[in-house]
Amino acid sequence: MKKSAYARKLFLISMEDHAEKKVEDLVNYTDIDIPVISTDALMEANPKHRNKILMIDFSEHKSLVQSIKNLPLIWKNFETVVFNVPKRLTTDELLAFGQLKGVFYQDSSLEQIGEGLKGIVNGQNWLPRNVTSQLLHYYRNVINTHTAPATVDLTIRELQVLRCLQAGASNNQMAEELFVSEFTIKSHLYQIFKKLSVKNRVQAIAWADQNLMS
């Protein structure tokens with residue numbers, strides 16, 4: 001049976017030696033394999049890394065960002081879990097971690113983190129109430145002030161293709177992801193470019209980054 005393209009798996013992103021020891025107890029408690037992925041491997045944008053959940057040690061995240069300036073832009077394409085957080089984070093700090101699925105503080109027990117990771121792998125969010133409140137408040141304000149171009153009428157399928165384009169997918173990868181032919185993808189792209197009044201993929205991605213909510 002073909003493995004689902006939406007299979008979810010945790011990865012610890014780290015540049016430290018013996019980084020696997022950070023999650024060794026969690027692996028033993030949850031029986032969930034959590035391999036370490038380097039920043040270099042993540043920057044390759046390997047399609048095999050789609051639908052992966054990145055675990056980020058808050059104590060290491062500054063050095064990770066300093067090592068590769070584009071890293072926050074890269075991991076915004078992934079769901080993220082931040083652990084070892086010493087204190088309540090500001091809304092801007094939370095947003096910097098992209099599609100945040102879980103936050104665990106330094107005083108969280110092994111059992112609390114383990115149960116949270118099990119839920120996250122199964123599609124749940126595992127966010128403290130204060131974090132949820134911060135993000136809800138932010139996104140409500142975004143919705144209230146967001147003005148989408150009224151003249152652009154993209155179909156659901158065209159929006160899906162545009163989202164794939166944002167993620168850096170090739171025509172072949174989009175066809176595989178959406179279960180259509182590559183010719184169909186080219187046809188959708190033609191219609192998207194026409195509706196957005198853009199000439200190429202770069203301009204379409206720029207439009208999406210500016211007008212589509214992440």
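User: At roughly what angle do the axes of helix H8 and helix H10 cross?

Analyst: First, the ground rules. This is a predicted model: local features need pLDDT of at least 70, side-chain atom pairs count only at pLDDT 80 or more, and totals for chains, interfaces and linings use all residues. Residues are numbered from 1 along each chain as its sequence is written, and side-chain values use heavy atoms, without hydrogens or water. Now the helices. The axes of H8 (residues 156-166) and H10 (residues 182-196) cross at roughly 95 degrees and come within 10 Å. Axes are lines fitted to C-alpha atoms, for helices over the stretch in contact, and angles run from 0 to 180 degrees between N-to-C directions. Helices (H or I, at least four residues) and strands (E, at least two) are DSSP runs, numbered from the N terminus.

User: Why is H8 called roughly perpendicular to H10?

Analyst: Roughly perpendicular means 65 to 115 degrees; under 35 is roughly parallel, over 145 roughly antiparallel, and the rest oblique. The crossing is roughly 95 degrees, so H8 is roughly perpendicular to H10.

User: Which residues of H8 make the contact?

Analyst: Arg157, Glu158, Val161, Leu162 and Leu165 do, and H10 brings residues including Ile185, His188 and Phe193. Contact means heavy atoms within 4.5 Å.

User: What makes glutamate 79 count as buried or exposed?

Analyst: Its relative accessibility is 19%. Buried means under 20% relative accessible area, exposed over 50%, partly exposed in between (1.4 Å probe, protein chains only). So glutamate 79 counts as buried. Glutamate 79 lies in strand E4. Leaving aside neighbours within four places in sequence, its contacts include Arg8, Lys52 and Lys101.

User: What is the strand order of the open sheet?

Analyst: The five strands run E2-E1-E3-E4-E5, with parallel pairing. Two strands pair if DSSP finds at least two bridges between them. E1 (residues 9-13) and E2 pair over two bridges.

User: Which residues of the largest nonpolar core touch the most other members?

Analyst: Val85, Leu94, Phe97 and Val103, out of 20 residues. A nonpolar core is a set of buried Ala, Val, Leu, Ile, Met, Phe, Trp, Tyr and Cys residues joined through side-chain atoms within 4.5 Å. E5 gives the most to this core, with three residues.
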